[in-house]
Amino acid sequence: KSYLKSTMSIGDEVKLAFGNNVSFCAGTDYKVEVINKASWSYQWSNFSANTSIEFKENQNNQLTPGAYSYFVDIKEIATGCIHREGPVQINVNGLPTPPQIAGTTSGILCEGTTHTIKVLNVTSNLNYKWSNGKKTTQIEASSASDYIVTATDANGCEVEAAIFDVI
């Protein structure tokens with residue numbers, strides 16, 4: 001049984017994991033923690049003496065793509081006995097290449113005229129979804145709107161293209 005709890009958050013989405021293996025996409029805030037007891041002291045493998053270690057954007061220390069391993073030694077202060085929890089194995093997946101999009105018509109794209117907007121750098125292992133719900137590498141657009149395409153890889157990591165406007 002593991003006493004490690006992992007919390008991954010990106011934007012408003014929060015995921016919890018209990019156990020020793022976690023995987024998430026780059027750009028995700030991550031925290032791993034253990035039960036807090038006043039009669040225990042803590043020493044993490046990264047030299048932190050807190051009940052948790054955090055890697056967050058606002059602390060400028062998010063984990064970059066790669067594999068990481070952390071453990072914590074929990075010392076019962078009264079007896080001096082040490083129990084090791086972990087390691088927690090962390091896999092941070094990289095983000096896909098951002099899609100580059102362009103219209104087949106140059107100049108200002110006006111509402112009422114059909115325009116083709118397409119992904120220029122299509123990658124076969126990515127899924128593409130447009131802001132209008134279409135799941136393809138190109139769309140026909142004639143309504144005034146901001147069009148955005150999101151590319152998602154097999155790990156569920158996603159990245160958006162720049163906004164494309166039809167006015």
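Does N60 count as buried or exposed, and at what relative accessibility? At 74% relative accessibility, N60 counts as exposed, where exposed means over 50% relative accessible area, buried under 20% and partly exposed in between, with a 1.4 Å probe and protein chains only. The structure is a predicted model, in which local features need pLDDT of at least 70 and side-chain atom pairs count only at pLDDT 80 or more, whereas totals for chains, interfaces and linings use all residues. Residues are numbered from 1 along each chain as its sequence is written, and side-chain values use heavy atoms, with hydrogens and water left out.

The protein chain contains zero helices and 16 strands; helices (H or I, at least four residues) and strands (E, at least two) are DSSP runs, numbered from the N terminus. The radius of gyration of the protein chain is 23 Å, whereas a compact globule of 167 residues would have a value near 15 Å; this radius is taken over C-alpha atoms, and the globule rule is 2.2 Å times the number of residues to the power 0.38. Along the principal axes, the C-alpha trace spans about 80 × 25 × 25 Å. Of the 167 residues, 34% count as buried, and the accessible surface comes to about 9900 Å², with 48% of it belonging to carbon and sulfur atoms; these areas come from the Shrake-Rupley method with a 1.4 Å probe, and for residues only the protein chains shown count as cover. Among contacts with a separation of 6 or more, 48% are made by residues 24 or more positions apart, a contact being heavy atoms within 4.5 Å.

Strand pairing was examined next. Two strands pair if DSSP finds at least two bridges between them. Strand 5 and strand 7 run antiparallel and are joined by five bridges, with I74 in strand 7 as the bridge partner of Y42. Strand 7 also pairs with strand 8 in the antiparallel sense, over nine bridges, and S69 stands opposite Q89 in strand 8. The hairpin of strand 7 and strand 8 has five residues between the strands, and G80 in this hairpin takes a positive phi near 80°. Strand 8 (residues 82-93) also holds P87, which is joined to G86 by a cis peptide bond with omega about 10°.

Most residues other than glycine have a negative phi, and most peptide bonds are trans. F47 counts as exposed, at 71% relative accessibility.

An open sheet of three strands has the order 11-14-15, with antiparallel pairing. Strand 11 (127-130) and strand 15 stand at the edges of this sheet, each with a single partner strand, so one side of each is left without a neighbour in the sheet. Neighbouring strands of the sheet are turned by 25° against each other on average, direction ignored; the axes are lines fitted to C-alpha atoms, for helices over the stretch in contact, and angles run from 0 to 180 degrees between N-to-C directions. Strand 14 and strand 15 are joined by three bridges and run antiparallel, and E158 in strand 15 is the bridge partner of T152.

The structure holds one disulfide, defined as a pair of cysteine sulfur atoms within 2.5 Å. The disulfide is formed by C25 and C157, with their sulfur atoms 2.1 Å apart. The pair links distant parts of the chain, 132 residues apart, with C25 in strand 3 (residues 21-25) and C157 in the loop between strand 14 (149-152) and strand 15 (158-160). The torsion about the S-S bond of C25 and C157 is about -95°, so the disulfide is left-handed. C25 is buried at a relative accessible area of 15%, and C157 is buried at 0%, whereas C81 counts as partly exposed at 48% relative accessibility.

V166, in strand 16 (residues 164-166), is buried with a relative accessible area of 3%. Leaving aside neighbours within four places in sequence, V166 is in contact with several residues, including L109, H115, I117, A141 and Y147. V166 and A141 are 25 residues apart in sequence and 7.7 Å apart in space, C-alpha to C-alpha.
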